[in-house]
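Hi,

Here is the structure I promised to pass on. Have a look at it first, and then read my notes below.

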Amino acid sequence: MNYKLLPILLLCACSREVEQVSLGLNDYYYVQRMQKLWLQTAVQADAYRWVMDTPQGDSLVSTADRHIFLAADEGEYHLRLELDIDGHTTTHRFPVIVIHEQVEYSPYTAHVYEYRPAPGQYVNTMPPYEPGDNAEDMRRKAEEDLTRDAMITLGGYGGYVTFGFDHTVVNRPDSMDFHLKGNAFYSDLPEYADLHGGSAEPGIVMVSLDANMNRLPDDPWYELAGSEYQHPHTLHHYSMTYRRPAPDHEVVKRSGYSDYNYIPWRDSEGQEGYMHKNTAHTQDYYPLWVAEDSLCFTGTRLPPNGRDESGGRGTYYVLYALPWGYADNHPNRYAQLNSFDIAWAVDDSGRPVQLPGADFIRVYTGVHQHCGQLGETSTEVLRATDLHLAQP
Ligand SMILES: [Ca+2]
Ligand SMILES: [Ca+2]
Ligand SMILES: [Ca+2]
């Protein structure tokens, strides 16, 4: 007797109870909208097909032994699991009834999971570090700021924040899914504003689904491939290491700078240099709650977007917005240019990834550049909005 077939035979011969035990699936499910439903069969099969009935016909949604169901809209959804076992196909049909949430969701950022800025001229002030604060204190401060729509800085290249909502952001087909606010602006001078020049400090956005359902951001991350993803000067798998300045390092003063050789950095391209301390911001730039004497960040590096428009004197920099797909890149009033589609997700090799939604969003400073008196470029973020929920 083929023991792989045993559960199926039991299913035919015995009660519905046996069917539930043997397949590991219920006859039907209730789930709140924008919440993941974990479906997994206990049966070993040669092939699995999870199929959704849609008005347009059957839609194959997964060929794994498990499937995460997620829907933005209330209603009844009809799924079936087809199992191929030794040349026979067994089908289990079940409805999923998606109901309204018991506690009304917020469309805005609800949690910050991690705040890890790179050094920068607003670090330790936005949010403010107070003596004795540890990483958890700073995470909580960043969370308080983002949930009340106040601004936090991510510092220089690579610095990031990881946040989420009180529900999963659904990747609605052919639709932007969430919106991010920053402090980008266009110049008052039309010759620059017409080219979207001003202060654009693009941050790269990543998404992650809580695939192991433990509510922690310990799952694979995917970059949302913005307009510059394929740019010849975009660097992938780049890394940058900053070192805490030695207390006894030689302080070199220059016009506008109180410490020119301030924070040493070195990158994976073999480049090295210093982040300068300017006279406008005199606090420590290295995150003071970090015990380690060096900070390493890895990711994609966008081409520099700042241009010296003072004829080489270094006194007037304009930072031009990239076309689309980055945080803190266009003024907030351009909603579409600050909106993001989870369908832009790509894996480490640049291959598109189909995610049903995102539980975790990460933004990191995507450029490494210094723009005269403006200092190093740093992405700033405020709160995020789920575009699939009505705003109060
Ligand atoms: Ca989408
Ligand atoms: Ca997880
Ligand atoms: Ca900014």
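A quick definition before the pockets: a pocket here is an open set of grid points with protein on both sides within 12 Å along at least five of seven lines, and its lining residues have an atom within 4 Å of a point. Bear in mind too that this is a predicted model.

With that in hand, the largest pocket has 28 lining residues, and Met52, Val61, Leu70, Asn171 and Pro173 are the ones nearest its centre. Its volume comes to about 870 Å³. Strands E3 (47–54), E4 (57–62) and E5 (66–69) each give two or more residues to that lining, with E5 giving the most, at four. By type, the lining of the largest pocket splits into 16 nonpolar, seven polar and five charged residues.

The second largest pocket is about 450 Å³ in volume. It is lined by 26 residues, and Phe185, Ser199, Glu201, Leu319 and Leu374 are closest to its centre. Strands E13 (185–186), E14 (197–199) and E22 (317–320) each put two or more residues into this lining; E22 gives the most, with three.

Now the calcium ion (ligand 2). Its protein donors come from Asp210, Asn212, Asn214, Leu216, Asp218 and Asp219, at 2.3 to 2.9 Å. Leu216 donates through O, while Asp219 is listed with two OD entries. Along the chain, the donors follow the spacing D-x1-N-x1-N-x1-L-x1-D-D. Two of these residues, Leu216 at 47% relative accessible area and Asp218 at 43%, are partly exposed.

On to charges: there are 25 salt bridges in the whole structure. One of them pairs Arg80 with Asp53, with the closest N and O atoms 3.4 Å apart. That pair links distant parts of the chain, as Arg80 sits in strand E6 (residues 75–85) and Asp53 in strand E3, 27 residues apart. Arg80 counts as buried because its relative accessible area is 9%, under the 20% cut-off, whereas Asp53 is partly exposed at 37%.

Another salt bridge joins Glu144 to Arg140, again with a closest N and O distance of 3.4 Å. Both residues lie in helix H3 (residues 135–147), four residues apart, or about one turn of the helix. Glu144 is partly exposed at 41%, and so is Arg140 at 34%. Elsewhere, salt bridges with shared partners tie Arg49, Asp53, Asp58, Arg80, Glu82 and Asp84 into one network.

Cheers

Notes. Residues numbered from 1 in each chain as written. Chains lettered and ligands numbered in written order. Predicted model: local features only at pLDDT ≥ 70, side-chain atom pairs only at ≥ 80, totals over all residues. Heavy atoms only, no water. Donors = N, O, S within 2.8 Å, 3.2 Å for Na, K, Ca; no water. Buried < 20%, exposed > 50% of the residue type's maximum accessible area, 1.4 Å probe, protein only. 1 Å grid on protein atoms, 1.4 Å probe; cavity = no way out; pocket = protein on both sides within 12 Å on 5 of 7 lines; lining within 4 Å. Points joined across faces, edges and corners; volume = space filled by probe spheres on them. Nonpolar A, V, L, I, M, F, W, Y, C, P; charged D, E, K, R; others polar. Salt bridge = Lys/Arg side-chain N within 4 Å of Asp/Glu carboxyl O.
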